[in-house]
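Open the model in your viewer and keep the selection panel to hand. The stops below run in order.

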Amino acid sequence: DAELESSDVPLSGTTGLMSLEQLLAMLQVSGLDAVIRLSGGRGLVYLAGNNVQHASFQHGGAMQTGMPALSELIALPDTDFTVEPYREPRRKTINLPVLGAVSEAARLADERRRDRQLVELLMRTQPRLSAVAVGYPLAQQPDAGHGDTQQLFALAVELLERNRTVLGSSPQSLSLSSEKFSLAVHAFSETRFVAVAVQGRAGAALLRLVEKAVRSESETASAS
């Protein structure tokens with residue numbers, strides 16, 4: 001079992017025995033500044049002065065930092081960890097008390113879990129979808145998706161912004177269709193949207209597909 005005394009740095013274990021949240025709380029109570037290395041070194045969490053200063057996570061060839069990285073690390077199933085002596089991070093992307101950082105990361109992890117479930121539902125309903133992207137319009141990249149998510153995400157953000165300028169407010173839904181390509185975008189909260197694309201002409205049916213999937217996922221989340 002993972003146990004810690006004042007001189008026991010580094011410490012190693014697995015999150016199956018002690019979750020990352022529990023480990024951070026234990027280090028905070030112990031008053032230790034440390035760096036937690038997870039998942040074979042792909043994840044790092046910096047803790048100093050009872051604050052989570054920074055987190056990073058390399059996954060699928062991409063590097064995440066800050067709260068998105070911490071949320072992914074908290075959501076990892078059973079993974080290895082090592083607690084190492086503290087060293088200053090190159091930059092501080094979180095800098096929140098442990099409880100606040102963990103609470104926000106857990107909320108974000110749950111949000112991303114629901115995003116992935118929405119993507120899976122859309123793909124099960126219509127396997128012909130060439131791309132799906134879910135995220136925040138002000139973000140640099142989508143939080144979940146399928147296919148060429150980055151290109152679809154950028155196109156959806158541009159369309160939402162152009163229509164917001166014309167209409168004076170952000171549209172809730174929009175769709176475009178041609179002989180070669182169809183796209184639908186649906187905002188399911190004040191700050192989040194899902195975009196889907198399919199080859200060929202789909203018309204309004206594509207938007208109805210998205211709206212139905214969002215309603216279904218929302219009902220499932222409310223019931224759980």
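## Stop one: T15

Select T15 and its surroundings. Leaving aside neighbours within four places in sequence, T15 is in contact with L20, L38, P77, D78, T79 and F81; contact means heavy atoms within 4.5 Å. This is a predicted model, in which local features need pLDDT of at least 70, side-chain atom pairs count only at pLDDT 80 or more, and totals for chains, interfaces and linings use all residues. Residues are numbered from 1 along each chain as its sequence is written, and side-chain values use heavy atoms, with hydrogens and water left out.

T15 sits in the loop between β1 (11–14) and α1 (20–30). Helices (H or I, at least four residues) and strands (E, at least two) are DSSP runs, numbered from the N terminus. Is T15 buried or exposed? T15 has a relative accessible area of 13%, so it is buried. Buried means under 20% relative accessible area, exposed over 50%, and partly exposed in between (1.4 Å probe, protein chains only). Now show P77. Its backbone oxygen lies 3.0 Å from a polar atom of the T15 side chain.

## Stop two: L20 and the cores

Move to L20. Not counting residues up to four places away in sequence, L20 touches T15, I36, L38, V45, L70, L73 and I74. Next, show the largest nonpolar core, which has 28 residues. Such a core is a set of buried Ala, Val, Leu, Ile, Met, Phe, Trp, Tyr and Cys residues joined through side-chain atoms within 4.5 Å. L20, L24, I36, V45, V52 and L70 touch the most other members. At least two residues of this core come from each of α1, β2, β3, β4, α2 (66–75), β6 (80–85) and α3 (98–125). A second, separate core has 19 residues, including L121, L122, V194 and V210.

## Stop three: two positive phi values

Most residues other than glycine have a negative phi. Select S39, in the loop between β2 (34–38) and β3 (43–48). Its phi is positive, near 50°. S39 is buried, because its relative accessible area is 10%. Then go to N50, in the loop between β3 and β4 (51–59). N50 is not a glycine, yet has a positive phi of about 65°. With a relative accessible area of 37%, N50 is partly exposed.

## Last stop: confidence

Colour by pLDDT, the predictor's confidence in each residue, from 0 to 100. The protein averages 90, and 95% of the residues score at least 70. Finish at residues 1–8, where pLDDT stays under 50. For these residues the model has 13 contacts beyond four places in sequence.

How values were computed:
Polar contact = N/O pair within 3.5 Å; in protein donor to acceptor, adjacent residues only side chain to side chain.
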